[in-house]
Amino acid sequence: MKDLAKHYPAHITELQQRTNTILERENLNALAIHAGQVGKIFLDDMYYPFKTNPHFKAWLPIIETPNCWLIVNGKDKPVLAFYQPTDFWHKVVKLEEDYWTSFFDIKLMSSAEEISAILPDNKQGIGYIGAHQDVANKLGFELVNPEAVLNYFHYHRAYKTEYDLVCLREANRIAVIGHNAAKEAFFAKGSEFDIQLAYLQATGQGENEMPYGNIIALNENAAILHYTVLEQTKPKQHHSFLIDAGANFNGYASDITRTYAFVQNEFHELIIAMNEMQLELGQSLKANTSYVELHISNHYKLAALLKRFELVNLEPEAMVANGITSAFYPHGLGHHLGLQVHDMGGFMADESGTHVAAPKEYPFLRTTRGIESKQVFTIEPGLYFIDEFLQNLSTSENAKYINWDKVDRLRKYGGIRIEDNIIVHDDHVENMTRDFKLA
């Protein structure tokens, strides 16, 4: 993709500037960013899937190779210590010339221990950034994951470079292909496992490459927010299908959700109404506004929908005030998206890490930070028929407002969630998911 090469130099310049700023502020000399290492399964000779440190993959698209390091000081060309062993047991990833390689002083290592000779002897003023305290201690680092440094990077990671956006668009494009294949598998009456296989094949990515465990939920399983069982037996009857699945590109994630009804019935009409509401909320993402207020607005819109479909016999204002909407919609409107599915910085008021807590009425909200240009969000309103919340509602003073006959008829469908990935620009929003024609 030529856009990667076009925008990568400015991306590196931005990361260098951020690094230089925080190192000078904290009186540090450099950072040693460790990609990470594989973890061995307890009492086994097998290893857990490797996941790269997001601070490492922010700089370059190496996401499959453990034991790599970056040494950066914000001024000089970053040093990349690349792990390329001689190994007849496993396929070794070879380092080939690409659009990004000329920006690094590359040193090849045939063993992980060779990093000792590449790192400065004097670790004073050098911060270790990574997940392995034992490795940092063994190498002589005294400063491990300094909080001020992490806070600064996490806060600024919310502001995407053009290179970030190119990667996020491609992650969306790939995921949309998978979503369309999964939809076809559902209407062909596949099992959850069948649908998962169709998704993976269409995206060309394995389960371990996915940015998170795909949620493939048929019928009442859609009421389980993080359902990942993947039943292999087909249900006796296909009522509904909720898919929450993304894709990975260069270490960047997409995170998309759709819900389908097998036949065009009242649940199908409810999905159409939820889709319209989701589009309205997405268009309401505007720079210099409040994400918390948008989440609260979602509750009023949902309340109007619950009244319109005669699920709750109460005015929207009273419905929200009484907490009824939270029983049907217990999670937050969305979150920041980028190198991580739930990208960092969503609760930060400033670059020093001042925490902004979610309102007590909405404890599961994942973002309290104000909306600004060059940020990327998910917008994912939901409507669920969750036994636990409905049971609590049935024993509360609000029980008299609920149309229980209709609620009980809809339980077998589980619920609805619709989620897009959206870039906020100065004067408009860019819905990456819809731009790739996912209805």
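Me: Helices here are DSSP runs of H or I with at least four residues, and strands are DSSP runs of E with at least two, all numbered from the N terminus. Where does that put N250?

Reply: N250 falls in the loop between β9 (248-249) and β10 (252-253). Before going on: this is a predicted model, so local features need pLDDT of at least 70 and side-chain atom pairs count only at pLDDT 80 or more, while totals for chains, interfaces and linings use all residues. Residues are numbered from 1 along each chain as its sequence is written, and side-chain values use heavy atoms, with hydrogens and water left out.

Me: What makes β8 a covered strand?

Reply: A residue count: 6 of the 6 residues in β8 (240-245) are buried. Both faces take part, with S240, L242 and D244 on one side and F241, I243 and A245 on the other.

Me: How do you know which strands β8 pairs with?

Reply: Count bridges, since two strands pair if DSSP finds at least two between them. With β7 (215-218) there are 4 bridges, in the antiparallel sense, and I216 has I243 of β8 as its bridge partner. With β11 (256-261) there are 6, also antiparallel, and S240 stands opposite A261 there. In general, strands of a sheet pair through backbone hydrogen bonds, either parallel or antiparallel.

Me: Why are β4 and β6 called edge strands?

Reply: Start from the order. An open sheet of 6 strands runs β4-β3-β2-β1-β5-β6, with mixed pairing. β4 (105-109) and β6 (143-144) each have a single partner strand, so one side of each lacks a neighbour in the sheet.

Me: Within that sheet, how do you know that β2 pairs with β1 and β3?

Reply: Bridges again. β2 (69-72) has 4 with β1 (30-34), antiparallel, where L31 stands opposite V72. β2 also has 3 with β3 (79-83), again antiparallel, and there I71 stands opposite V79. β2 and β3 form a hairpin with 6 residues between them, and G74 in the turn has a positive phi of about 85°. Both faces of β2 are covered, with W69 and I71 buried on one side and L70 and V72 on the other.

Me: Why are α8 and α9 called roughly antiparallel?

Reply: The axes are lines fitted to C-alpha atoms over the stretch in contact, and angles run from 0 to 180 degrees between N-to-C directions. α8 (266-283) and α9 (291-308) pack at about 155°, with axes 11 Å apart. The classes are under 35 degrees for roughly parallel, over 145 for roughly antiparallel, 65 to 115 for roughly perpendicular, and oblique for the rest. That makes α8 roughly antiparallel to α9. The residues in contact include L270, M274 and L281 of α8 and L294, L302 and R308 of α9.

Me: How does that contact divide by residue class?

Reply: Into 8 nonpolar, 1 polar and 3 charged residues (nonpolar being Ala, Val, Leu, Ile, Met, Phe, Trp, Tyr, Cys and Pro, charged Asp, Glu, Lys and Arg, and polar the others, Gly among them).

Me: At what angle do α1 and α5 pack?

Reply: About 150°, with the axes of α1 (2-26) and α5 (147-157) 10 Å apart. α1 and α5 are therefore roughly antiparallel too. Their contact involves, among others, R18, I22 and E26 of α1 and V149, F153 and R157 of α5. By class, the α1 and α5 contact has 5 nonpolar, 3 polar and 4 charged residues.

Key: Contact means heavy atoms within 4.5 Å. Buried means under 20% relative accessible area, exposed over 50%, partly exposed in between (1.4 Å probe, protein chains only).
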